[in-house]
Amino acid sequence: MLRIHTIVVTPFYQNARVLSDSETDTCVVVDPGGEVERITAYLDEQSLSVEGVFLTHAHLDHAGGIPALMKHLEERQGSRPPLYAEGEFESGMRGSISRQASMFGLPESEYPNCPEPDVILREGDTLSIGSSNGRIIHAPGHAPGHLVLFFDSLAFSHSLSPIPGQSSPERSENGPVLIAGDTLLAGSIGRCDLPGGDEAALLSSIKEKFFVLPDATRVMTGHGPDTTIAIEKKENPYVRVE
Ligand SMILES: [Zn+2]
């Protein structure tokens, strides 16, 4: 079973996630935007071995914690796990994390740039956690190289830590799951006014690549609550299917 634990981090309320396999206790960390000590506390508590870090896109609020997490994991596990991310389109942004921080009035020195990926992911690639195989979908618009991760059928559990020291109990479910980053949000879509943003591209990513997924797909977003493809097709004012 895939266990999906969400930790809401940073002033941006970003959903950092730990995807772990209940049989092997191995995991992949997705979008460690910051507050890395809360992420590593969970890893320790659950005795998880980190086999990779997956970055959906290189905005500060998703990538800001990667250098600190990698440093911690190197000490904890003896070697740094690979960073899985998009190659060409996101490279400039990985090199501008400090600049992005200063744009938001945050101290540049606390936000080192993000390293380049060890493994470059492309549309159609597979990212596995134990026996769960996720498919990579390239969904540009919010960021040019934005990647999402889709599991077409999954026995999974989910839990949430909204603030330090608090966690919801795990709830088990079955069905498809989309780890969506900042593409499709509950009732909204990712912003397109940052460098490289393209609203037309985002709308077609959602309509052509997400709305063909099963209606029951649970969409786990980069900010805010989960939703489903069915709900967003019906109610999302940006992409509603009339
Ligand atoms: Zn973003």
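Okay, housekeeping before the tour. The model is predicted, so local features need pLDDT of at least 70 and side-chain atom pairs count only at pLDDT 80 or more, while totals for chains, interfaces and linings use all residues. Residues are numbered from 1 along each chain as its sequence is written, and side-chain values use heavy atoms, with hydrogens and water left out.

Let's start at the metal. Which residues are the protein donors of the zinc ion? They are His57 through NE2, His59 through ND1, His142 through NE2 and Asp182 through OD, lying 2.1 to 2.5 Å from the ion. A donor here is an N, O or S atom within 2.8 Å of the metal (3.2 Å for Na, K and Ca), and since water is not among the atoms, sites may look incomplete.

Now the geometry. The angles subtended by the 4 donor atoms run from 87 to 174°, so the arrangement comes out as irregular. For the cut-offs: four donors are tetrahedral if all angles lie between 85 and 135 degrees; four are square planar and six octahedral if opposite donors are over 155 degrees apart and all others between 65 and 115; anything else is irregular.

Along the sequence, the donor spacing reads H-x1-H-x82-H-x39-D. Helices (H or I, at least four residues) and strands (E, at least two) are DSSP runs, numbered from the N terminus. The scale is buried under 20% relative accessible area, exposed over 50%, partly exposed in between (1.4 Å probe, protein chains only).

Next, the helix pair. The axes of α1 (residues 36–45) and α3 (residues 66–77) come within 10 Å and cross at roughly 30°. Those axes are lines fitted to C-alpha atoms, for helices over the stretch in contact, with angles from 0 to 180 degrees between N-to-C directions. From α1, Val36, Thr40, Leu43 and Asp44 meet Ala68, Leu69, His72, Leu73 and Arg76 of α3, where contact means heavy atoms within 4.5 Å.

Staying with α1, its buried residues are Val36, Arg38, Ile39, Thr40, Tyr42 and Leu43. Their cover includes β1 (2–9), β2 (14–21), β3 (26–30), β4, α3 and β10 (155–161). Just past α1, Ser47 has a positive phi of about 50°.

Gln14 lies in strand β2 and is buried, with a relative accessible area of 0%. Its C-alpha is 7.0 Å from that of His62, though Gln14 and His62 are 48 residues apart in sequence. Beyond four places in sequence, Gln14 touches residues including Asp31, Asp61, His62 and His223.

Ser157, in strand β10, is buried too, at 1%.

Ser168 touches Ser159 and Leu160, not counting residues up to four places away.
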